[in-house]
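This briefing is intended for a reader who is meeting the structure for the first time. Please keep the sequence and the model at hand while reading.

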Amino acid sequence: MTVHDAIRNAESLLPGEPVEGGEDPRWQAILEVEDFIETDPEPIWLFIARWGGHTQEDLRNAIACCLLEHLLECHFSAFFPRVEDRTLADPLFADMFLRCWQLGQSEEPGNAERFEALRHRIQM
């Protein structure tokens with residue numbers, strides 16, 4: 001499977017509806033996309049940009065927890081400026097960003113301050 005196969009598979013299920021009390025195939029498909037974060041970040045960013053501002057809260061949770069926080073964990077300097085632009089332009093994308101934890105490169109000096117400054121800016 002390639003990153004493009006994983007993205008196609010996930011998009012065939014999205015936006016869909018959350019599954020209560022069981023394994024959600026949408027989340028499982030998004031986790032398959034996550035497998036390519038280290039090697040293929042650009043198509044994953046495009047996927048995040050497309051779905052991260054969706055009106056469905058559960059989908060924003062999945063994108064934040066499974067993809068965006070890990071993209072920034074591994075590729076902070078390459079993608080944070082794009083995340084910042086999108087976050088400031090789209091309130092639902094901003095809501096999704098607020099669901100992310102700081103991991104890896106997002107915790108490094110300088111990056112952590114930029115992450116927190118954006119969080120603070122959009123919470124005002």
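The model is a predicted one. Two packed helices are described by the angle between their axes and the distance between the axes.

**Packing of H1 and H2**

- The crossing in which H1 passes H2 is left-handed.
- On the H1 side, the residues that meet H2 are Ala 6, Ile 7, Asn 9, Ala 10 and Leu 13.
- Their partners in H2 are Pro 25, Arg 26, Ala 29, Ile 30, Glu 32 and Val 33.

**The loop between H1 and H2**

- Pro 15 is located in the loop between H1 and H2.
- The peptide bond leading from Leu 14 to Pro 15 is cis, and its omega is near 5°.
- In general, most peptide bonds are trans.

**Packing of H2 and H4**

- H2 passes H4 in a right-handed crossing.
- H2 contributes Arg 26, Trp 27, Ile 30, Leu 31, Val 33 and Glu 34 to this contact.
- H4 contributes Asp 58, Leu 59, Asn 61, Ala 62, Ile 63, Cys 66, Leu 67 and His 70.

**Buried face of H5**

- Phe 93, Ala 94, Met 96 and Phe 97 are the buried residues of H5.
- They lie on the same side of H5, because they cover an arc of only 160° around the axis.
- These buried residues of H5 pack against helix H3 (41–51), H4 and H6.

- Helix H6 runs over residues 111–123 and has 13 residues.
- From its first C-alpha to its last, H6 reaches 18 Å, close to the 18 Å expected at 1.5 Å a residue.
- The buried residues of H6 are Asn 111, Ala 112, Phe 115, Leu 118 and Arg 119.
- Their directions cover an arc of only 135° around the axis, which puts them on the same side of H6.
- The elements covering these buried residues include helix H4 (57–89) and helix H5 (91–98).

**His 75, a buried residue of H4**

- His 75 belongs to helix H4.
- With a relative accessible area of 17%, His 75 is buried, because buried means under 20%.
- Apart from neighbours within four places in sequence, His 75 is in contact with Ile 37, Glu 38, Pro 41 and Gln 105.

**Trp 101, an exposed loop residue**

- Trp 101 has its place in the loop between H5 and H6.
- Its relative accessibility is 64%, so Trp 101 counts as exposed, the cut-off being over 50%.
- Apart from neighbours within four places in sequence, Trp 101 is in contact with Glu 69 and Phe 115, and Phe 115 is one of the buried residues of H6.
- Trp 101 and Asp 85 are separated by 16 residues in sequence and by 19 Å in space, C-alpha to C-alpha.

How values were computed: Residues numbered from 1 in each chain as written. Predicted model: local features only at pLDDT ≥ 70, side-chain atom pairs only at ≥ 80, totals over all residues. Heavy atoms only, no water. Helix = DSSP H or I, 4+ residues; strand = E, 2+ residues; numbered from the N terminus. Expected span 1.5 Å × (residues − 1). Buried < 20%, exposed > 50% of the residue type's maximum accessible area, 1.4 Å probe, protein only. Arc of directions from axis to C-beta. Contact = heavy atoms within 4.5 Å. Left-handed = near helix turned anticlockwise from the far one by under 90°.
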